[in-house]
Amino acid sequence: MSPRVVDPAARRQAVAEAVFRVVVRDGVEQASLRNVAVEAGLAIGSIRHYFDTHDDMIVFAVEALIHSIDERVFAHVKAMKDRTDPRRPGERVLSEVLPLDERRRDEAVLWLAFATAARTRPSLLPHAERLYDGLRQLCLRAVTVMAEAGTIAASLDLRLEAERLASLLNGLTVDGVLHPDRMTPELTVSLLRRHLDSLA
């Protein structure tokens, strides 16, 4: 019987997903090599085979999170070019970064946890900055497409509006994670929609 072949990329992704589950449930501090190994159903030696240090594992998980969000958001950005629904061309893409369902809420929890951890972990800081800058780039892309479609005023300072929109999304995300009973998905979408309508 030949030994089972392990796909290194799939194994690393499985470890990243185990990191996500531990961080969402217990926080970044509990995402040790040992705890992640238990969560993934692996021996700790298997984790060390793919990641030299704890920091390497956490950084890989953050990169996997960024890639997952980017991939999904980019698909919506491409759809924004389709003007068959000119009423709200940016609402769907912007909603992808808000905690409106379990998957997006978990991503928001991870984003906040990793961003907070980056304050005291230099290895995480460049990745937290990428998340921060990525949101602003997304907002600029959204308001630019909306301006081109004529659904927001062309006279607006789009860079300033992108910053304002990113700040709104950050606030909605924090409130949605920390106070989900008060900042409900329905209220979150209503506030985003109200803001976008105010730009017309």
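Residues are numbered from 1 along each chain as its sequence is written. Because the model is predicted, local features need pLDDT of at least 70 and side-chain atom pairs pLDDT 80 or more, while totals for chains, interfaces and linings use all residues; side-chain values use heavy atoms, with hydrogens and water left out.

**Exercise 1. Describe the protein chain as a whole.**

Solution. Start with the elements: the chain has nine helices and zero strands (DSSP runs numbered from the N terminus, helices being H or I with at least four residues and strands E with at least two). Next, take the extent: the C-alpha atoms fill a box of roughly 65 × 35 × 30 Å along the principal axes. Then turn to burial: of the 200 residues, 42% are buried (under 20% relative accessible area with a 1.4 Å probe, protein chains only; over 50% is exposed, and in between is partly exposed). Finally, look at contacts (heavy atoms within 4.5 Å): among those between residues at least 6 apart in sequence, 68% join residues at least 24 apart.

**Exercise 2. Characterise helix H8 and what covers it.**

Solution. First, the span: H8 covers residues 158-178, and its 21 residues reach 30 Å from first C-alpha to last, close to the 30 Å expected (1.5 Å times one less than the number of residues). Second, its start: a side-chain oxygen of aspartate 157 comes to within 3.2 Å of the backbone nitrogen of arginine 159. Third, the buried residues, which include Leu165, Leu169, Leu172 and Val177.

**Exercise 3. How do H6 and H8 pack?**

Solution. Two packed helices are described by the angle between their axes and the distance between the axes. Here the angle is about 105 degrees and the axes are 10 Å apart, so H6 is roughly perpendicular to H8 (the class for 65 to 115 degrees). Now list the residues: Arg105, Ala108, Val109, Trp111 and Leu112 of H6 meet Asn170, Thr173, Val174, Gly176 and Val177 of H8. Sorted by class, this contact holds six nonpolar, three polar and one charged residues.

**Exercise 4. Is arginine 104 buried or exposed?**

Solution. Locate the residue first: arginine 104 lies in helix H6. Its relative accessible area is 13%, so arginine 104 is buried. To see its surroundings, set aside neighbours within four places in sequence; arginine 104 is then in contact with Arg72, Ser95, Glu96, Leu98 and Pro99.

Terms used
A polar contact is a pair of N or O atoms within 3.5 Å; within protein, one must be able to donate a hydrogen and the other to accept it, and residues adjacent in sequence count only if both atoms are side-chain atoms. Axes are lines fitted to C-alpha atoms, for helices over the stretch in contact, and angles run from 0 to 180 degrees between N-to-C directions. Angles under 35 degrees count as roughly parallel, over 145 as roughly antiparallel, 65 to 115 as roughly perpendicular and the rest as oblique. Ala, Val, Leu, Ile, Met, Phe, Trp, Tyr, Cys and Pro count as nonpolar, Asp, Glu, Lys and Arg as charged, and the others, Gly among them, as polar.
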